[in-house]
Amino acid sequence: MDRAAHLPSAGGDATEQRARLVLRAALSMLVPLARWLVHNGVPYSSFAPALKSVFVEAARQELAGSGGKLTDSALSVLSGVHRRDIREMGNASHVQAQPKAPSVASQVFTRWLTDAQLRDAADHPLPLPKSGDPLSFDALARQVSSDVHPRTLLAEMQRLGLVRVDGETVRLEAQAFVPQQGFDEMVELFAANAADHLAAAAHNLRGGGDKFLEQSVFASGLSPRSTHALGTLARKLWRGAFQQMVREATPRYQQDSREQTGSMRMRFGVYFYAEPLAEENAPGPGLPKAAPRAATTRPKARALRRAANATPKPTPKRSTR
């Protein structure tokens with residue numbers, strides 16, 4: 001069945017037309033998510049019922065933001081979920097609206113990767129002795145958290161494939177916090193990054209207030225060799241932006257913690273994606289190919305509002321795909 005059959009009718013007032021346009025865009029965005037779900041054994045029959053709790057939570061946030069009265073009836077009208085289902089959900093209707101605080105492992109990893117004292121003359125992360133030195137793994141771990149023993153943290157970072165232990169020396173094995181062994185951690189990173197990206201774009205489309213940075217560069221008609229080279233360039237550009245952002249955000253967080261003004265959180269990221277052109281979009285012989293161009297969901301870019309974080313002892317973490 002054509003997915004357009006599930007959309008509101010083409011007629012009606014401007015509100016219905018706007019809803020139809022938004023739903024079409026949402027379905028396009030859901031295709032990569034649906035592929036990931038299917039690949040991991042989550043069929044439509046499992047996903048569709050689970051969406052009820054998502055729509056109820058979205059309605060809950062919408063009512064809270066508009067000052068509306070939070071009742072089952074109001075949630076039902078706004079979300080389209082029957083009141084009986086909302087009552088049955090109870091507290092289970094609350095889905096995680098914001099990502100969890102960065103793990104201690106990610107905080108240690110980021111500190112090690114960006115602290116100038118922990119880098120050599122070639123700007124590479126230094127190998128660290130396990131203990132007994134001011135610049136040791138134990139000392140680094142205790143700087144980040146006094147609640148987790150360094151030995152426990154070291155074992156966790158080994159499990160995630162982030163470090164290698166050679167005798168009494170610990171070495172970083174990764175250049176980004178993308179755990180190789182922890183599927184749970186990878187899924188959390190995916191959800192947090194993708195959700196905040198969508199949240200920034202949706203905020204900009206709602207209109208009003210400051211706009212978040214949400215832009216990209218798009219080019220069509222490139223060779224595999226060119227996309228590989230541009231992907232390498234993207235990672236190089238990200239490394240510089242990542243280190244600069246962490247070095248700026250860390251002292252700001254420390255100052256805001258002392259002043260007890262840390263009521264906000266932020267996320268700064270970048271992505272690169274390439275795939276073969278669909279046949280209907282592939283340029284034919286003699287036809288011009290699309291030159292690189294900027295794409296954005298808002299009129300003009302502005303700086304992010306604040307580099308503050310509300311969670312305990314957060315150190316900005318890095319994740320790339």
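Q: Two strands pair if DSSP finds at least two bridges between them. What order do the three strands of the open sheet have?
A: Strands of a sheet pair through backbone hydrogen bonds, either parallel or antiparallel. Here the order is S1-S3-S2, with antiparallel pairing. Strands (E, at least two residues) and helices (H or I, at least four) are DSSP runs, numbered from the N terminus. This is a predicted model: local features need pLDDT of at least 70, side-chain atom pairs count only at pLDDT 80 or more, and totals for chains, interfaces and linings use all residues. Residues are numbered from 1 along each chain as its sequence is written, and side-chain values use heavy atoms, without hydrogens and water.

Q: Which strands stand at the edges?
A: S1 (128-129) and S2 (163-166) do; each has a single partner strand, so one side of each lacks a neighbour in the sheet. Two bridges join S1 to the antiparallel S3 (residues 169-172). Leu-128 has Val-170 of S3 as its bridge partner.

Q: Which helix packs on the sheet?
A: Helix H7 (residues 150-159) touches S2 and S3. Contact means heavy atoms within 4.5 Å. The direction of H7 makes about 115° with that of S2. Axes are lines fitted to C-alpha atoms, for helices over the stretch in contact; angles run from 0 to 180 degrees between N-to-C directions.

Q: At what angle do the axes of H5 and H6 cross?
A: Helix H5 (residues 104-114) and helix H6 (residues 137-144) cross at roughly 120°, their axes coming within 10 Å.

Q: Which residues make the contact?
A: On H5, Val-104, Gln-107, Val-108, Arg-111 and Trp-112; on H6, Phe-137, Leu-140, Ala-141, Gln-143 and Val-144.
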